[in-house]
Amino acid sequence: MAILKPIIYLLVYPGLLFLFVYSTFAEWFDRKLFARFQNRMGPTHTGRFGLLQPIADFVKLMAKEDIVPDLADKKLFTALPVVGIAVVSTAMMLLPVWNFDPAVPSVTSFSGDIIVLLYILSLPTLIFFLAAWSSTSFFATIGGARVLTMLFGYEVPLFLAVLSPALMAGSWRLAEIAQFFQKKPLLILPNLIGFVVALVCLQAKLERTPFDIPHAETEIVGGTFTEYSGKKLAMFRLMTDVEMVAGSGLVAAVFLGGFPGGVWLGLVNFVIKTLFIISLLALMRAVTGRIRIDQVVSFAWRYLAPLAVLQLLIVILLKGFVL
Amino acid sequence: MKFTVPIGPQHPALKEPISLRMTLEGEVITDADVRLGYNHRGLEKLAEERTFLQNIYLTERICGICSHSHTTCFVQGVEKLMEVEPPRRGLYLRFLVAELERVHSHLLWLGVAGHEAGFDTFFMYTWRDREVVMDILETISGNRVHYAINTLGGVRRDIDEIQKNKILGSLDLLRKRSEYYLHIGANEPTFVNRLAGVGYLSKKDALALCAVGPAARASDIPQDVRKDDPYGIYAEVPFEVCTATTCDVLGRTVVRVKELMQCYNMIEFLLKNLPEGPVSVRTQRRAKPNEVVSRYEAPRGENIHYIKSNGTDKPERLKVRAPTLANYPATLLMLKKGYIADIPLIFAAIDPCICCAERTATLVNGRSGEERVVTFSELRRLARERWQKAPIKKDAVWPF
Amino acid sequence: MKIAAFLPELLRHLFKKPATVDYPFKKLEVPKDFRGTPVLKPELCITCRACVRDCPAEAVELFPLEGPEKKFRLIIHNDRCIHCAQCVDSCPTDALFMDRLFEISAFSRHDLKRQWEFQKATVKVKAQVTTA
């Protein structure tokens, strides 16, 4: 009997089933909002309001033929999608939603877990690069090179921006940072610059417009995903969806004051705050066009990194003189 | 490290098959080569077996976007051969549809440029406004694409007061939206940074390589067939030739948006000064033996049709030179020294209508690199010989 | 150069109706002069074969039937038709007209033919025809 609870946690909530359902819902929300910004309808027909559309896409891809190129490294090629899903699911586990007893550190919430979460969230980039490299196709190689080049641009501003509220709260534990901002909600305002920088860097990490260079459809056919098809492509798409939820969960936990309220109210809070961040990401996606790879790196180092440092300076000054 | 990367024949950036083979070093293109012929349909031979009246519909189907330009160019030439003069109301209606087609083509191009640059929202907005023009064309001519409104000696349909007022009403909406797009195009930083400085073609090069259309006008060459050699009623309609001085893709965008505004003025003038009278005259079926060259300013540049008649009701020879064919050498020059990320934009900036440009097949000898142009009957003979002699091959490898 | 120049436009679109239509559950109206498929009025046809001569796609076929009465059969091959309406313009008695159908797909091209059997009419030819 004692073994049943962890199994339910792993498989149902907050485990794989909840992840699958919620991340496909998040993808539906993003697509519908993107379509409404462009004055068209978005998914309508599958399920009520098109809610089942991402699940239908997943099922369709699982049913298609799976082709592995002759020259590709078969073991790496096949293993990478599964590793990807494992990595982002682990990242979801560390969000401060389901540590049902905040005072006690546990496996999912311990001091320093913000660093572990940031590290785990930077692994998908490496997985995309390895996927491109093991495909040995020309377009995939260019996509892989672009993925790594973008990493040089957005990773440092993201780390700096996310660490400033941690500095303000004086702790490296996500649950405590969330609690700090829940007690003093006005202190969210000085962190606004960091919020904007973190949103832009999150958009770059998720490889969405304006930063969708690595899999730019009109230029390099599919980029990192050119040679993937069938079940492996379904896994990769699910991985990008879960990464979107995990990333917005991180930004919501650090900047918007976490998800208070215990088991059920915490879940409602989680859904509302992550959907808010996803709607901001969809807005950013609709407003801009794609920029070139050299422009990404120069934009990141010319604007994002100095703004993140400025944010850090503001937090240090505030902490020194006011708090 | 040099790569040779094939863009095409199948590629998401291209709407039609064409093979561009680029040599890359890193992300910079050092050399580019083009192979045509994937869309060859044998239209010139088909035209020799149909009467002049049936050929109107054949030339219309050379292209979907610039369909009216091909059929008007052809009909102009045949009317010259038959020595008939269409009535003025017919001419006004013919060129009203021509200017509406130019509007729809430029709005389509704006959307495609946005899509190639990754700016999907712009794409959706311009195509939504293009629906207004398509609906107008549907009420005038009965179909959204392939209007088939030309006939030998004039046009086939007339417009009444209700349609005229509807067109004038939608012109206001289109004017407002086009100014809005000019405003966005000039102010959205991600879009402008993608377009500025890309695909540079100096004035000297554009003149030397005979670039036509907005690609040439963006390099500060005021060349427009409607002003240089006025056909139809363009001698009476007031308009300006739009040029830009930046010689890059941003210049071509600006030229096309300025041309949109000129088109709206022209459409208003044509509608307000529409003369009364019949819309067509009777023509004979046969044409005397003669030859004629007919030029027309399509949305993409200068369109040339050469028609030769021999006294029967079928043409002896029809030769079509579409504007995109003239822009290919200039494109190859623009592609060198560019980035790989700019390939779709540079190629889309000349507004490629590849199916217009497929006229001959060039055979390249794979081993020696020598090229020769062959006729279709020769190709058929070669193919038959090869199949009869070839043994069954296992593990065959493509030669390139 | 402003950042996000058309942000207000985007936000306004959230509250507007979408510009796209939920086809096939809702359909759009076609205008009254739309060129659909050709239809014959058999009581007006004088079997002059102008439509057969002028069709660019060889989609009209007219031949006499065996038997004592002078009956003809006209077949319109809708799979070859390019919907140009040249047959309508060439007909001297206005016996052909275009209807407004455009959703004419079928599973086999032989289901797309339409035919009429009729007797040759004696109708006066209309005075003005656009091309001889």
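First, some ground rules. This is a predicted model, where local features need pLDDT of at least 70, side-chain atom pairs count only at pLDDT 80 or more, and totals for chains, interfaces and linings use all residues. Residues are numbered from 1 along each chain as its sequence is written, while chains are lettered from A and ligands numbered from 1 in the order in which they are written.

**Stop 1: a sheet in chain B.** Select β6, β7 and β8 of chain B: these 3 strands make an open, antiparallel sheet in the order β6-β7-β8. Strands (E, at least two residues) and helices (H or I, at least four) are DSSP runs, numbered from the N terminus, and two strands pair if DSSP finds at least two bridges between them. β6 (290–298) and β8 (315–321) of chain B are the edges; each has a single partner strand, so one side of each has no neighbour in the sheet. From one strand to the next, the twist averages 15°. Now pick β7 (residues 301–309) of chain B, which 6 bridges join to β8(B). Show Lys308(B) too, and you'll find Arg317(B) of β8(B) opposite.

**Stop 2: the helices on it.** Next comes α12 (residues 323–335) of chain B, which touches β6, β7 and β8 of chain B and makes about 130° with the direction of β7(B). Axes here are lines fitted to C-alpha atoms, for helices over the stretch in contact (C-beta atoms, placed from the backbone, within 7 Å), and angles run from 0 to 180 degrees between N-to-C directions.

**Stop 3: the cores.** A nonpolar core is a set of buried Ala, Val, Leu, Ile, Met, Phe, Trp, Tyr and Cys residues joined through C-beta atoms within 7 Å. Buried means 20 or more other C-beta atoms within 10 Å, exposed 12 or fewer, and partly exposed in between. The largest core has 117 residues, and among those with the most contacts inside it are Val97(B) and Leu100(B). α4(B) gives the most to this core, with 14 residues. A second, separate core of 91 residues includes Met168(A) and Val200(A).

Stop 4: Most residues other than glycine have a negative phi, and most peptide bonds are trans. Zoom to Glu83(B), where phi is near 55°; with 11 C-beta neighbours inside 10 Å, Glu83(B) counts as exposed. Finish at the cis peptide bond from Thr209(A) to Pro210(A), with omega near 5°.

Technical notes. Contact = placed C-beta atoms within 7 Å.
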